[in-house]
Amino acid sequence: MGYSGARGGLEAILAAEDLVRRKRDHAPAPWASTEQITTRFRLAVDRVMGEAGLYDEPTAAAAFRQAEGDTLEASHLLRAQRSTLQRLAVSEPVDPGEMTVLRRIVPAFREPDGPQLLGRTSDYTGRLLERPAGPPEPVPTAPDTAGGTERAERTEEQRSPRRFLDLLRKMELVAEGRTGDDPEPHDITRKPARPPADRSAVLAAMARAESGALVALWYRSVLGPDGDVHEITLGELRHGRLPLRVRHPHTGNPVAVGEFRVTEAEAIEDLDGADEDRARFDVGYGLCFGHNERKAIAMANLDIANRRFGRSGPLEQLLLLTVDGLDSGGFLEHLKLPHYVTFRSMVERKQAMRAAAEAGEDLPARAAEPAGKDCR
């Protein structure tokens, strides 16, 4: 589709942009600092970083503030900022087993290796709206009988428990042949992925996908309207910190230059196909920036569904081409641009068809579409 530039409204556009800035930056409410946003709206900041593909909390908070809480617009701002940055180095591959766990649950097993760490979650509390009149009073930490604090620090072993998948492997219940690695991870930021695609490309597309779109697609796959019915179990869910390493430019040795938080999920599915090993399970994987459990769980389950049914149905194409929030949201937003010529052409076709019908002429099955569209 070809679109010509809109003309005639430059003054109105500049005035609208000025109104946005004045209402946002000079509101009667107190200014929301970067620290306030990263601590008070941490899940929104994590979502923006994940959908933008750039892990930097202060920058994501600034985008969230500029977008006035619109996470999709904030992701757009952050991804645009990302495109202006110079790529200084490529980080070293990191083993998720190195994660310092902040939260870990294993719904599939009552007593897994290592502890269940509920961490910071409201999953087990009632959804009751609180209306505090002001900021809560600080609560002092009560000392315990051992003379320490009420909440003891976890040991290093507890923060790095053995993976649940290792237990399944020990029991010889995992179909390892179904999870072969790609020869080289696909960088979707430099080369768009198109079906048929490597598993790494599909996982990367899901990691940057709009969270709501990914959850909706996962729910559709579970309900089975496409005929791909499959049972799912969440094996393990983790949220924690991973080290960021790059090669030292002089020594060539890997050097840790920071940390970043991720959410990781492993899903388990019963293999029951005619050409599948029915004595084993398949395992799906999901990992995304920040604390975003819905996305990670949806990723892990869609990873399995795509490898089982993606090539025979529309799932792989949907994952690669429709769940990116900037693509889909951008196309939706463009509908607000002037489409005078397009709609005028549609009206003229309708009037011509009505005139032909009144004259008793035979109407074609479908009127010819215009060669192109524009906005003026």
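# Reading a predicted protein model

The accessible surface of the protein chain comes to about 24300 Å² (Shrake-Rupley method, 1.4 Å probe; for residues, only the protein chains shown count as cover), and 54% of that surface belongs to carbon and sulfur atoms. This is a predicted model, in which local features need pLDDT of at least 70 and side-chain atom pairs count only at pLDDT 80 or more, while totals for chains, interfaces and linings use all residues. Residues are numbered from 1 along each chain as its sequence is written, and side-chain values use heavy atoms, with hydrogens and water left out.

Q: How many helices and strands are there in the protein chain?
A: Helices (H or I, at least four residues) and strands (E, at least two) are DSSP runs, numbered from the N terminus. Here the protein chain has 13 helices and four strands.

Q: What share of the residues in the protein chain is buried?
A: Buried means under 20% relative accessible area, exposed over 50%, and partly exposed in between (1.4 Å probe, protein chains only). Of the 376 residues in this chain, 32% are buried.

Q: Which residues of helix α8 are buried?
A: Helix α8 spans residues 199-207 and is mostly covered, with eight of its nine residues buried. They are Arg199, Ser200, Ala201, Val202, Leu203, Ala205, Met206 and Ala207. Their cover includes α3, α9 (211-223), β4 (281-289), α10 (293-309) and α11 (315-321).

Q: Where does Ala209 lie, and what does Ala209 touch?
A: Contact means heavy atoms within 4.5 Å. Ala209 is in the loop between α8 and α9, and counts as buried because its relative accessibility is 0%. Leaving aside residues up to four places away in sequence, Ala209 touches Glu51, Leu214, Lys295 and Val323. The C-alpha atoms of Ala209 and Gly50 are separated by 8.0 Å, although these residues are 159 apart along the chain.

Q: At what angle do helix α3 and helix α4 pack?
A: Axes are lines fitted to C-alpha atoms, for helices over the stretch in contact, and angles run from 0 to 180 degrees between N-to-C directions. Helix α3 (residues 42-52) and helix α4 (residues 57-66) pack at about 100°, their axes 9 Å apart. Ala44, Val45, Asp46, Val48 and Met49 of α3 meet Glu57, Ala60, Ala61 and Phe64 of α4.

Q: Is Val255 buried, partly exposed or exposed?
A: Val255, in strand β3 (residues 254-270), counts as partly exposed because its relative accessibility is 32%.
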